[in-house]
Amino acid sequence: GLYVAGATDDAKLHIRWSTDAGSSYITADYQTQYLVETGSSLISYSKTADGLYIDATGTSTGEDTCFQYDFYNPSQTASYPKANFMTSSANQTSAGGIYVAGMSQNKTAQNIDAFQIIMNSGDIANGSFYLYGLKGS
């Protein structure tokens, strides 16, 4: 995602996975671990409700996020589905930029066949998304 921001101030971006072609999305049993570096501190976090969580995009200039999200063979069913991510963000109330790196897996071996990018409040106001896949998949 490039320069993604929510329509409301302090909107949080989430990625959730689906096993039924997007009819519903998994909202539990994730093991998402990530580190947040703000220039003055490094803090570790964990989440169980989604495969990516980006805190506090804003409505002021520059309060957006860029991120890379990599699934590893989401169609396999022999092991837990996994992903890595990196994000770069800024928020006017924090000191400088915010860098996040982490991983996610769901605690059920299952075929992930869709994913959802949503904000916790309001719509996605701006940004671009690029999807790259495996040839022939």
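Predicted model: local features only at pLDDT ≥ 70, side-chain atom pairs only at ≥ 80, totals over all residues.
A second ring pair is arranged along other lines. Y69 and F85 have their ring centres 6.1 Å apart and their planes at 10°, so they are stacked. Here Y69 belongs to strand β6 and F85 to strand β7, and 16 residues separate them. Y69 has a relative accessibility of 16% and counts as buried, and F85, at 3%, is buried as well. Across the whole structure, a search turns up eight aromatic pairs. W17, Y30, Y69 and F85 are among the members of one aromatic cluster, which also takes in Y34, Y45, F71 and F115.

In soluble globular proteins, nonpolar side chains tend to be buried together. The largest core here has 20 residues, and the ones touching the most other members are L13, I15, W17, L52, F67 and Y69. Strands β2, β3, β5, β6, β7 and β8 each give two or more residues to this core, with β2 giving the most, at four. Y69 makes a handy landmark: leaving aside residues up to four places away in sequence, Y69 touches I15, W17, G51, L52, A83, N84, F85 and S104.

Now for the strands. β3 (residues 30–37) pairs with β8 (residues 97–106) in the antiparallel sense through eight bridges. Within that pairing, Q33 faces M103 and L35 stands opposite A101. On its other pairing, β3 runs antiparallel to β4 (residues 42–47), joined by six bridges, and V36 lies opposite I43. The β3–β4 hairpin has four residues between its strands, and G39 adopts a positive phi near 95° there. As for the faces of β3, Y30, T32, Y34 and V36 make up the covered one, while Q31, Q33, L35 and E37 make up the uncovered one. β8 also pairs with β7 (residues 82–90), running antiparallel over nine bridges, with T87 placed opposite V100.

Side chains of opposite charge can pair when their charged atoms come close. The structure has two salt bridges. In one, K12 meets D55, with the closest N and O atoms 3.4 Å apart. K12 is in strand β2 and D55 in strand β5, so the bridge ties together parts that are 43 residues apart in sequence. Both ends are partly exposed, K12 at 21% relative accessible area and D55 at 41%. The other salt bridge joins R16 and D50, at 4.0 Å from N to O. R16 also sits in β2, whereas D50 is in the loop between β4 and β5, so this bridge ties together parts 34 residues apart in sequence. In this pair, R16 is buried at 18% and D50 is buried at 2%. Finally, a charge meets a ring at K47, whose charged end sits over the ring of Y53, 4.1 Å from the ring centre.

Conventions: Residues numbered from 1 in each chain as written. Heavy atoms only, no water. Pairing = 2+ DSSP bridges. Buried < 20%, exposed > 50% of the residue type's maximum accessible area, 1.4 Å probe, protein only. Salt bridge = Lys/Arg side-chain N within 4 Å of Asp/Glu carboxyl O. Core = buried A, V, L, I, M, F, W, Y, C linked by side-chain atoms within 4.5 Å. Contact = heavy atoms within 4.5 Å. Phe/Tyr/Trp six-rings, centres within 6.5 Å; stacked < 30°, edge-to-face > 60°. Lys NZ or Arg CZ within 6 Å of the ring centre and 35° of its normal.
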